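Trainee: Could you take me through one part of this model closely, step by step? I would like to see how its side chains are arranged.

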Amino acid sequence: MMRTFATDIITRAALAAGLPEGRVIDMVKRDNLTIERPRVELQFMPEKYTRSGRTLGLSRDGAVQTRKRELYVVDQDVAANALADDEAWLEKFSYAFIAALPRGKNDANGNWVKIRAQKATFSRPPDKRVGDRVIEVVARANRLFLITFTWRVTGEETENLIPSFDFNITHKGA
């Protein structure tokens, strides 16, 4: 569920930044020449759970009180690797991509999911030199973004405030 949520958020931000439709994919084993560039490859890291127990909300409906509790706080890191043939396009895309990421959004359960871009690493292959000249067949560059999604696992507890009493009083007259 959260994997689909995170993929949707990253796809929307990438499309808003100028990536063509259908170019956000799962990470491939190695760079394949048949897969078109520019593209964004996603890799999901292990989730980190932290036990909590905070009370998030309290509501009363007549004699029933419902308490919503935060059971766990979950951090999900996603590595989004933007690959391109043009460094200038990649620079423009990178800035627009980060600007298009929202601060957060509500998930399917109505809980707020915080979204943060943590790191970005630029890289390109080293130059191939023959003597004093650089031989460049295809200029390739990529920028690896680490995006963290923080959400919560919640539960609800209900409790009766007024116990029910059954008064069975028989009155004997004089």
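Mentor: Asp 8 forms a salt bridge with Arg 12 (a side-chain nitrogen of Lys or Arg within 4 Å of a carboxyl oxygen of Asp or Glu), and their closest N and O atoms are 3.2 Å apart. This is a predicted model, where local features need pLDDT of at least 70 and side-chain atom pairs count only at pLDDT 80 or more, while totals for chains, interfaces and linings use all residues. Residues are numbered from 1 along each chain as its sequence is written, and side-chain values use heavy atoms, with hydrogens and water left out.

Asp 8 and Arg 12 are four residues apart in helix α1, so about one helical turn separates them. Helices here are DSSP runs of H or I with at least four residues, strands are E runs of at least two, and both are numbered from the N terminus. An α-helix has 3.6 residues a turn, so residues three or four places apart point the same way.

Asp 8 is partly exposed, at a relative accessible area of 32%. On that scale, buried is under 20%, exposed is over 50% and partly exposed is in between, using a 1.4 Å probe and protein chains only. Arg 12 is exposed, as is Thr 4. Across the helix, the buried residues of α1 include Phe 5, Ile 9 and Ala 13. Those buried residues fall within an arc of 160° seen down the axis, so they line one face; the arc is taken from the directions from the helix axis to the C-beta atoms.

Arg 3 also makes a salt bridge, with Asp 26 at 3.3 Å, N to O. That pair joins distant parts of the chain, α1 and strand β1, 23 residues apart.
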